[in-house]
Amino acid sequence: AAAALLVISGADSLLAHLSSLREMPGCSSARASGLKALFEISSAEPSYLLHASGAASQLAGATGAEGAAAVLAAVRVFVDEESMDSALLRNAELVGGLCQGLLQAQT
């Protein structure tokens, strides 16, 4: 489901959906799966990360960030909220590394 949402609606929609799960039971597992889908698809097609808008950064309270920087900011919020979930942390590291690589390539 996360992969389909990403492909159809983009990273902003996926991250907004994952953020909305905050209070639901099992949200860390759903977020971990969503981040894994984000990594797998974006590693093959980085445009999903590069075209993220400020909506992703607003989830993190970091207005003004766009693209991979916005995604990275949103992922860091998930890590802060779910710091004990090893699957979420592992997948967040994957997405974070991909975002950082894209940001370095842009400079």
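The structure holds four salt bridges, a salt bridge being a side-chain nitrogen of Lys or Arg within 4 Å of a carboxyl oxygen of Asp or Glu. This is a predicted model, in which local features need pLDDT of at least 70 and side-chain atom pairs count only at pLDDT 80 or more, while totals for chains, interfaces and linings use all residues. Residues are numbered from 1 along each chain as its sequence is written, and side-chain values use heavy atoms, with hydrogens and water left out.

One of these pairs is Arg-22 with Glu-81, whose closest N and O atoms are 2.9 Å apart. The two residues are 59 residues apart and link distant parts of the chain, Arg-22 lying in the loop between helix 2 (11-20) and helix 3 (27-44), and Glu-81 in helix 6 (residues 68-81); helices here are DSSP runs of H or I with at least four residues, numbered from the N terminus. Arg-22 is partly exposed at 37% relative accessibility, and Glu-81 is partly exposed at 33%, where buried means under 20% relative accessible area, exposed over 50%, and partly exposed in between (1.4 Å probe, protein chains only).

Arg-31 pairs with Glu-82, the closest N and O atoms being 3.8 Å apart; this pair too links distant parts of the chain, with Arg-31 in helix 3 and Glu-82, 51 residues away, in the loop between helix 6 and helix 7 (86-106). Arg-31 is buried at 0%, and Glu-82 is buried at 17%.

Within helix 3, Glu-40 and Lys-36 are separated by about one helical turn because they are four residues apart. Salt bridges that share partners, meanwhile, join Arg-22, Arg-31, Glu-81 and Glu-82 into one network.
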